[in-house]
Amino acid sequence: MKKHNFSAGPSILPQEVFEKASQAVLDFNNSGLSLLEISHRSKDFVAVMEEARSLALELLGLTGKGYQALFLSGGASLEFVRVPYNLMTKSGKAAYLDTGTWAAAALKEAREFGDTVIVASSKADNYTYIPTGYTIPSDADYFHCTSNNTIFGTQMHSFPETDIPVVCDMSSDIFSRQLDFSQFGLIYAGAQKNMGPAGTTLVLVKEELLGKTGRHIPSILDYKQHIDKESMYNTPSVFAVYTSYLTLQWLKNNGGIAAMEKKNNAKAELLYTEIDRNPLFIGTSKTEDRSKMNVTFLLNDESHTEQFDKLWKAAGISGLAGHRSVGGYRASIYNAMPIESVQVLVDVMKELEKNV
């Protein structure tokens with residue numbers, strides 16, 4: 001039986017993507033060679049890279065708006081470093097919104113480059129909400145935020161208006177909902193949530209923002225170098241980029257972001273409705289800041305833990321355990337998660353209620 005994979009990442013991908021990627025591992029484009037052994041500079045893979053970059057811009061509505069799409073290595077964690085290297089001036093500063101573990105990690109790296117202002121933080125309340133009402137310094141080189149917090153189950157449902165460039169880590173909710181993506185100067189996202197396997201990171205950057213820091217930037221960390229080399233400055237993660245390309249194709253063929261948002265809203269509503277209805281469970285994040293991608297919840301009585309764990313495991317559910325920072329459970333319901341799997345989880349929650 002295929003598992004219902006609620007893992008926070010690496011996570012579920014569309015079944016047809018698994019099948020096409022598997023075939024490519026055996027024989028890529030009828031070449032007689034595996035995708036894993038071809039040159040990244042072969043015409044077939046260069047075409048994949050070009051199309052993947054183009055699709056990313058198209059799906060986000062950024063085509064022809066001065067943005068470049070890059071597939072880079074090092075995960076979102078390396079972008080924590082690349083962002084201040086490329087956007088913070090030598091005598092400048094940056095503003096950061098602290099909403100979770102990964103936002104704090106980005107902030108830590110930025111402090112190595114200059115003055116870093118925390119405009120607001122929800123750390124004191126274990127990141128259970130998204131702060132509001134903060135002021136962004138008008139003289140900052142950029143404002144950084146994390147759109148969705150996988151560990152704590154919170155999500156930014158709106159973004160502040162500011163005249164400075166906005167940088168957003170969208171690792172866990174990119175391509176999941178409609179936004180005006182041109183409000184961001186730079187977006188980055190690790191692939192292993194909504195787009196592909198671990199091993200590549202998508203970066204979308206407004207090219208006019210680059211080259212203004214006065215810093216010497218090592219080539220491997222310089223966005224301009226990667227733009228000039230069309231994401232081929234160093235050997236890309238061929239399999240991760242190809243699988244991301246397949247996922248972007250799947251997304252486009254299935255109605256794009258608008259269709260995904262409708263499905264994601266339905267999945268989230270189904271699960272949150274049960275959490276709020278069922279007296280055995282309670283959500284961990286503030287209602288108005290709940291994530292549509294990562295649903296975090298607890299048992300009201302931990303004595304039911306063993307019984308509940310047996311039930312969801314017997315139902316073929318995988319990856320439901322919550323992060324140690326929150327405890328309890330975390331259901332990650334990314335784009336490729338079918339609503340039928342969410343219904344299986346809801347049915348298990350109802351079954352527990354009947355049996356205790």
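The dialogue below treats pockets and then the nonpolar core.

Tutor: This is a predicted model, in which local features need pLDDT of at least 70 and side-chain atom pairs count only at pLDDT 80 or more, while totals for chains, interfaces and linings use all residues. Residues are numbered from 1 along each chain as its sequence is written, and side-chain values use heavy atoms, with hydrogens and water left out.

Student: How much space lies in the largest pocket?

Tutor: Rolling a probe the size of a water molecule over the atoms shows where empty space is left. A pocket is an open set of points, on a 1 Å grid over the protein atoms alone, where a 1.4 Å probe fits, with protein on both sides within 12 Å along at least five of seven lines; lining residues have an atom within 4 Å of a point. Here the largest pocket holds about 360 Å³, the space filled by probe spheres set on the points.

Student: Which residues line the largest pocket nearest its centre?

Tutor: Of its 24 lining residues, A76, W102, S171, Q192 and K193 lie nearest the centre. Helix α3 (residues 75–87) gives the largest share, four residues.

Student: What of the second largest pocket?

Tutor: About 190 Å³ of space lies there, and K2, I12, L13, A336 and P338 are nearest the centre among 13 lining residues.

Student: Which residues have the most contacts inside the largest nonpolar core?

Tutor: In soluble globular proteins, nonpolar side chains tend to be buried together. In this model the largest nonpolar core has 56 residues, and F143, I174, F175, L202 and L204 have the most contacts inside it. Such a core joins buried (under 20% relative accessible area, 1.4 Å probe, protein chains only) Ala, Val, Leu, Ile, Met, Phe, Trp, Tyr and Cys residues through side-chain atoms within 4.5 Å.

Key. Helices (H or I, at least four residues) and strands (E, at least two) are DSSP runs, numbered from the N terminus. Buried means under 20% relative accessible area, exposed over 50%, partly exposed in between (1.4 Å probe, protein chains only).
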